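Hi there,

Here is the structure I promised to pass on.

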Amino acid sequence: MTVPAGAAGAAGVAGASGGTAAGAGPTAAADGATAADAVLAAVDLDAVEKAVREAAAAEILPRFRQLAAHEVIEKNGPHDLVTIADRRAEEHLTAALTALLPGSAVVGEEAVHADPRVLDALHGDAPVWIVDPVDGTRQFVHGDPGFSTLVALAHRGELLASWTYAPALEEMAVAVRGRGALLNGRRLRSGAPHEGKTLEVAMSHHDFTTVAEKRALSGLVCEGIAPRPCGSAGLEYLAIARGTLEATAFTWENPWDHAAGLLLVEEAGGSSMTLSGDPFRIAGGNTLPFTAARDTATARRILDLLAAPVA
């Protein structure tokens with residue numbers, strides 16, 4: 001995926017592909033450049049997109065609607081599932097992504113489940129790939145095409161690039177910091193809701209929320225707001241970026257669920273913030289709930305409602 005120059009604002013846009021060959025690690029930043037620039041220059045972003053597509057083609061799509069009972073396992077309860085596709089796709093991506101950017105680390109959902117210390121990479125100095133191999137595992141298990149593969153590249157807490165791929169829907173969204181966002185090669189613009197429109201808000205599913213979280217989310221049950229449970233978080237973020245969903249309201253901060261989508265929304269012109277009004281930190285410690293929305297005014301409206309739930 002190459003982002004066309006000049007398509008993301010007055011400052012112009014460089015091509016999305018890195019300038020060095022795959023296999024070259026990040027080097028010291030040149031004069032006037034940042035460490036983030038050096039990381040982006042060290043990886044071929046088109047090759048990353050290819051790797052994401054290949055992982056889905058090899059490990060996910062062949063198992064879609066073909067899972068055997070023993071290939072679906074409960075992790076922390078009946079609503080928290082993992083499949084052989086999740087595990088194999090994450091292994092595939094871990095190998096491919098670290099080969100594309102030597103010296104980088106991977107924080108993947110399944111690796112963290114096996115060893116929570118994997119999350120420590122988010123606090124380090126090495127570039128980090130944040131991976132959710134199958135976002136929307138419940139949908140995947142039930143044969144619903146509304147699942148996605150999410151990959152984000154971050155460095156020292158800053159999101160640099162992201163890939164949101166819905167293989168069963170044949171949709172690939174790519175965002176690069178400062179260069180905009182594309183969906184299947186077309187520019188994404190979140191826009192703003194029409195004045196007086198009832199706002200559709202995708203919120204944390206009740207199966208995954210505590211009593212306190214349900215109370216906070218109850219603030220969205222009011223005139224002018226149409227809340228509904230979210231599906232694949234990655235696809236909800238994509239809906240905001242393309243202007244077909246107004247906002248989200250989430251009560252959890254797992255980085256693999258949010259990193260790719262937050263950058264996608266931002267590069268499409270949207271906004272996100274936590275209940276404290278601060279930006280979302282991918283390394284954790286956020287004041288929850290938080291929201292992503294088509295514009296800043298909508299984000300602030302959602303946060304005001306979350307801060308004042310019904311009695």
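Helix α2 (residues 45-60) and helix α3 (residues 84-100) have axes that come within 9 Å and cross at roughly 155°. Please keep in mind that this is a predicted model. Since angles over 145 degrees count as roughly antiparallel, α2 and α3 are therefore roughly antiparallel to each other. Their crossing is right-handed. On the α2 side, the residues in the contact include Val-48, Ala-51, Val-52 and Ala-55, while α3 contributes, among others, Ala-89, His-92, Leu-93 and Ala-96. Sorted by type, the residues of this contact are 13 nonpolar, one polar and three charged.

Now to the strands. Strand β7 (residues 171-176) is largely enclosed by the rest of the structure, because six of its six residues are buried. In a regular strand, side chains alternate between the two faces of the sheet. In β7, Glu-171, Ala-173 and Ala-175 point one way, Met-172, Val-174 and Val-176 point the other way, and all are buried.

What does β7 pair with? Strand β6 (residues 158-166) pairs with β7 in the antiparallel sense over six bridges, and strand β8 (residues 180-183) pairs with β7, also antiparallel, over four bridges. Val-176 is a handy place to start: Ala-161 stands opposite Val-176, and in β8 the bridge partner of Val-176 is Gly-180.

The hairpin of β6 and β7 has four residues between the strands, with Glu-170 near 60°. The hairpin of β7 and β8 has three residues between them, and Gly-178 in the turn is at about 80°.

Best wishes

Note on methods:
Residues are numbered from 1 along each chain as its sequence is written. This is a predicted model: local features need pLDDT of at least 70, side-chain atom pairs count only at pLDDT 80 or more; totals for chains, interfaces and linings use all residues. Side-chain values use heavy atoms; hydrogens and water are left out. Buried means under 20% relative accessible area, exposed over 50%, partly exposed in between (1.4 Å probe, protein chains only). Helices (H or I, at least four residues) and strands (E, at least two) are DSSP runs, numbered from the N terminus. Two strands pair if DSSP finds at least two bridges between them. Axes are lines fitted to C-alpha atoms, for helices over the stretch in contact, and angles run from 0 to 180 degrees between N-to-C directions. Angles under 35 degrees count as roughly parallel, over 145 as roughly antiparallel, 65 to 115 as roughly perpendicular and the rest as oblique. A crossing is left-handed if the near helix is turned anticlockwise from the far one by less than a right angle, and right-handed if clockwise. Contact means heavy atoms within 4.5 Å. Ala, Val, Leu, Ile, Met, Phe, Trp, Tyr, Cys and Pro count as nonpolar, Asp, Glu, Lys and Arg as charged, and the others, Gly among them, as polar.
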